[in-house]
Amino acid sequence: MKFLARNPERHSRSIARCRRAIGFLSSVCVGIIYRFRFETSIDWSRPYVICANHTSNLDITALVLLCPADFSFMGKIELLDNPVTGMFFKTIDIPLNRQSKISAFKAFKRADGYLRKGRSMAIFPEGHIGEEYPPRLYDFKNGPFKLAIETQAPIIPVIIHNAWKIFWDDAKAYGSRPGVIDIEVLKPVETAGLGLDQADQLRDEVHQLIKKRWVKIGGL
């Protein structure tokens, strides 16, 4: 991994494969299985902005195992300090300090470049894991939807239904247990032809799509 990290741009595909292998093996070892259900087939040769609800640190692994193509996460800068996620946020992923407008600008600029080169981006539009248990779906930030419109990348809404029941947040409060996590992948929402003045409308549309399915299956 250290060898690959010396030139992350050149070795991005190999780094992504390492992450996928780590996610799969670590899940198997603790008895956690991810079960995916697709509303329609996904053409992974296209770049997407992947948007999912966020209640557990396992959500990261869920998206890693979901997407067979190369992609990058955008996430809070604190993930740099984690021994596992830090390896990838120092190479192919994009750390974001939400307290800094300059950091946010640079992060989304980098994400814009990735998408234009054909690399998908995964972003949790709530921006955080809430402190309430059981969790609820929070309002979405505008950034991912402006990014999708600017690059004309479709959005894939993803509902991670029950990760919080198995491993809420970092599992310090309620522990963890083996189990099956159900992930529902909705059909892509196209952004072709949309203008930035429609970002709020797009944000609300995706929020409603995720909320409707999460509540129906048993989220709160």
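Among contacts in the chain between residues at least 6 apart in sequence, what percentage join residues at least 24 apart? The share is 72%, where contact means heavy atoms within 4.5 Å.

This is a predicted model, in which local features need pLDDT of at least 70 and side-chain atom pairs count only at pLDDT 80 or more, while totals for chains, interfaces and linings use all residues. Residues are numbered from 1 along each chain as its sequence is written, and side-chain values use heavy atoms, with hydrogens and water left out.

**The whole chain**

The C-alpha trace spans about 45 × 45 × 35 Å along its principal axes. Of the 220 residues, 48% are buried (buried: under 20% relative accessible area; exposed: over 50%; partly exposed: in between; 1.4 Å probe, protein chains only).

**Arg203 and its partners**

Next, select Arg203 in helix H8 (residues 199-217). Arg203 is buried, at 19% relative accessible area. Its side chain makes a polar contact of 2.4 Å with the side chain of Asn142; such a contact is a pair of N or O atoms within 3.5 Å, and within protein one must be able to donate a hydrogen and the other to accept it, with residues adjacent in sequence counting only if both atoms are side-chain atoms. Leaving aside neighbours within four places in sequence, Arg203 is in contact with Phe140, Lys141, Asn142 and Phe145.

**Backbone features**

Move to Tyr133 and Pro134, which are joined by a cis peptide bond with omega of about 0 degrees. Pro134 belongs to the loop between strand S5 (120-123) and helix H6 (143-151).

Then select Asp169, in the loop between helix H7 (163-166) and strand S7 (179-185). Asp169 is not a glycine, yet its phi is positive, at about 55 degrees. Asp169 is partly exposed, with a relative accessible area of 24%. Ala171 also lies in the loop between H7 and S7. Phi of Ala171 is likewise positive, near 75 degrees, but Ala171 is buried, at 13% relative accessible area.

Conventions: Helices (H or I, at least four residues) and strands (E, at least two) are DSSP runs, numbered from the N terminus.
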